[in-house]
Amino acid sequence: MPKPKIVVTRRWPEEVETKLVEHFDAEFNHDDAPLSEAELRDAFARADAVMPTVTDAINAAVLGAEPLRARLIGNFGVGFNHVDLEAARARGLVVTNTPEVLTDATADLAMALLLAVARRVGEGERHVRDGRWTGWRPTHMMGTQVSGKTLGLIGLGRIGRAVAQRAHHGFGMRVLFFDPFPPPANVVESLGAQPCATLEDVLRESDFVSLHCPATAENRHLMNAERLACMRSGAFLVNTARGDVVDESALVEALASGRIAGAGLDVFEHEPRVSAGLLEAENVVLLPHLGSATVETRVAMGLRVLDNALAFFEGREPRDRVA
Ligand code: DGY
């Protein structure tokens, strides 16, 4: 039996690419440049499976490939808002993702952003590197205390829970959350988290707000001007979910007007483009979508795609099937 043909759209950790070759006739993207829409469509026409990631728009045009050879989309990543699931289903494609393995890495990064923006880490680093530091003084670059403050989580799924765990048990924070589908009461209790009836209640009560909801159509611009205005003045926003959950221009305005104190952002509405108003602001910390970017996690994500693909081609149900 010939090995199934797969197209991997971006470079993966070498260890995983080596394993893929053992099981598949694998085509890699050696220069790691994003594929064009035409190249993606062509991949669906030539391969049995396509392994995309968040930078690939797997839309109806791409999935309209004729003839269509692919039967599996093995997404490298937990989020799949870049894949048109309805179009995939309509063309008989199975779609898988990589949950669980990136939970800790992403929660760690959310805490890193929260601490960095509260304690002015980016600003302080620029200060030292630019040679502007003249020495210690009692009023220099005072930030905001994190320990003991209130953290509001929008979404208490896997990553939200891991952030609650760190914040409550590590930093003694009071943790509030809003989630229309909350975890069981014993889980909520073990995290020391308290449910709020509405998202606005969380915003009004929190010193820090961290977003952990999926990028569904309903959640687009969930944090719009009105909701940003519900946040406490002096509060901070952290986003490690998806960029379009926040109305980026409304956020720029809220930051510029001092309506909120700062933001720690790992994701942006039009990646890799970042609004000028954010690039120019001192009170934001900006990262290039690094939530899952540890060697351990990226290897585990790749191996999870591999497991799903092996199951699929052996006629078993892939464990992470989303469509
Ligand atoms: C994810 O897994 O969704 C990360 O954001 C990278 O795509």
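Here is a short chat about the ligand and the cysteines in this model.

Colleague: What should I know before I start reading?

Modeller: The model is predicted, so local features need pLDDT of at least 70, side-chain atom pairs count only at pLDDT 80 or more, and totals for chains, interfaces and linings use all residues. Residues are numbered from 1 along each chain as its sequence is written, and side-chain values use heavy atoms, with hydrogens and water left out.

Colleague: Which residues are around the ligand?

Modeller: A residue counts as near a molecule if one of its heavy atoms lies within 4 Å of it. Here that gives Val-54, Gly-77, Val-78, Gly-79, Leu-102, Arg-242, His-289 and Met-301.

Colleague: Which polar side-chain or backbone atoms lie by an oxygen atom of the ligand?

Modeller: A polar contact is a pair of N or O atoms within 3.5 Å. Arg-242 has a polar side-chain atom 2.7 Å from a ligand oxygen, and His-289 also places one 2.7 Å from a ligand oxygen. Gly-79 uses a polar backbone atom, 2.8 Å from an oxygen of the ligand.

Colleague: How many disulfides does the structure hold?

Modeller: A disulfide is a covalent bond between the sulfur atoms of two cysteines. The cut-off is a pair of cysteine sulfur atoms within 2.5 Å, and the structure holds 0. For Cys-213, the nearest cysteine sulfur is that of Cys-196, 15 Å away. Cys-230 is in no disulfide either, with the sulfur of Cys-196 nearest at 12 Å.

Colleague: Is Cys-213 buried or exposed?

Modeller: Buried means under 20% relative accessible area, exposed over 50%, and partly exposed in between, using a 1.4 Å probe and protein chains only. Cys-213 has 12%, so Cys-213 is buried.

Note on methods:
Polar contact = N/O pair within 3.5 Å; in protein donor to acceptor, adjacent residues only side chain to side chain.
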